[in-house]
Amino acid sequence: MLRMPETEDERWMKKALKLAEQGRGYVSPNPMVGCVIVNKENNQIGAGYHEKYGESHAEVNAVKTVKDKTELIDATMYVTLEPCSHHGKTPPCAPMVADLPLKRVVIAAKDPNPKVDGKGIEIIKNAGIEVKVGVCEKEANKLNEYFNYFMKFKKPFVTLKMAQTADGYIAAPDGSSQWISGKLSRTFVHKWRSWNDAVLIGRNTALLDNPALTVRHVDGRQPYRIVLDGPGELPSDLNLFTDQYENKTLRVTSNRDLAVSSTDQMLQILSNTDFKGETLFVSENEDGHVDLDELLKKLGERNITSVLVEAGNMLASAMIKQNLVDKLELFIAPKLLGGGTRSLLGLGIDRMSEIIEMNNVHWQLVGDDMLLTAYL
């Protein structure tokens, strides 16, 4: 099929999208947004992006870079997401944009936040500025898939990361698993950690691997670390509870006696600042384990918009079986074990008609490993 030539609006919007990407991992729970301004001669005069949560938004940053403000007369602003219309950490952008002497505002996607959801567009239109919506909309929605999902379901977007041998094992018979995947693959994982609000592991992974779950091989923010500890018996000397990022660790238990009970402590967690060894109570499901769906809802209440699950086979299988995984990142290493721990088990599938099919499948060579990226 013949591809249509790229329009000028698409060209400028793609520049704005590249700018927006630079905010990945730093702006959550806000969305990534980029903005480019071109004058009436179609020359770029300003650009900016939302750089950090709580700081100026993309539109404000872009306007600040315009040296000669008279060039804003009859200019066009390209912004990857509808300008906000409500007060948050900063004043709303839509009224500011509406006060500019622009001719056009081109928007990639509407803001799914119910506090906005078209209100920003109306403010700009009512100022007599032409508004065009939907340029590179698919790319913009993909960029903010975590934010969009969170706005729709009030739960974090869940990515399950696993690494297995070519014959489907994640650990040898003696329990050892380092390292199945290669060095470059592990760098990818550190990048994903920096992109997600939190990393989640199960009790067995904490005991067997004693992981740090920190960002070390790339630049980026440190995620919150969530460990499932149903009975509340994990040893207190684990890295998660003793290293320099212990204030970013949240223990989840179904043992009510260990859970946070005081209002002051709970407010500290709700403020999304420091967990500092806090323990969150989540009830058991019918199988006697922490109710994972309830956990995700409680994390959503705490503005955790995305979770990277670095699981063993029990937690991974449980989350897939309960339809709680949105995206799968599976490394397949060119290695054979012939025995040990399988990557998945007990999904409750008895016949081919019940098979779980993946969507938007993408294969990528990462060093010597193959990376399967797919949506469930």
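This briefing covers the pockets, the cavity, a surface patch and selected residues of the structure above. The model is predicted, so local features require pLDDT of at least 70 and side-chain atom pairs count only at pLDDT 80 or more, whereas totals for chains, interfaces and linings use all residues. Residues are numbered from 1 along each chain as its sequence is written, and side-chain values use heavy atoms, with hydrogens and water left out.

**Second largest pocket**

- The second largest pocket holds about 600 Å³ of space; a pocket is an open set of points on a 1 Å grid over the protein atoms alone, with protein on both sides within 12 Å along at least five of seven lines.
- Its lining has 29 residues, and those closest to the centre are Pro 29, Asn 30, His 86, Asn 113 and Phe 147; lining residues have an atom within 4 Å of a point.
- Helices α2 (58-64), α6 (145-153) and α11 (292-301) each supply at least two lining residues, and α6 gives the most, with three; helices are DSSP runs of H or I of at least four residues, numbered from the N terminus.
- By class, this lining comprises 12 nonpolar, 10 polar and seven charged residues, where Ala, Val, Leu, Ile, Met, Phe, Trp, Tyr, Cys and Pro count as nonpolar, Asp, Glu, Lys and Arg as charged, and the others, Gly among them, as polar.

**Cavity**

- One cavity of 30 Å³ or more is counted; a cavity is a set of grid points where a 1.4 Å probe fits but cannot get out.
- Of the 19 residues lining the largest cavity, Val 27, Ser 28, Asn 30, Met 32 and Tyr 146 are the closest to its centre.
- That lining divides into nine nonpolar, seven polar and three charged residues.

**Nonpolar surface patch**

- Ile 349, Ile 356, Met 358, Val 361, Trp 363, Leu 365, Met 370 and Leu 376 form a nonpolar patch with about 670 Å² of accessible area together.
- Strand β15 (residues 359-366) gives the most to the patch, with three residues; strands are DSSP runs of E of at least two residues.
- Ile 349 lies in the loop between β14 (341-342) and β15.

**Helix α12**

- Among the buried residues of α12 (residues 313-321) are Leu 315, Met 319 and Ile 320; buried means under 20% relative accessible area (1.4 Å probe, protein chains only).
- Asn 323, which follows α12, has a positive phi near 60°.

Terms used. Buried < 20%, exposed > 50% of the residue type's maximum accessible area, 1.4 Å probe, protein only. Points joined across faces, edges and corners; volume = space filled by probe spheres on them. Patch = residues over 30% accessible without salt bridge, like charges linked within 9 Å, V, L, I, M, F, W, Y side chains within 5 Å. Areas by Shrake-Rupley, 256 points an atom, 1.4 Å probe, with all protein chains shown as cover. Salt bridge = Lys/Arg side-chain N within 4 Å of Asp/Glu carboxyl O.
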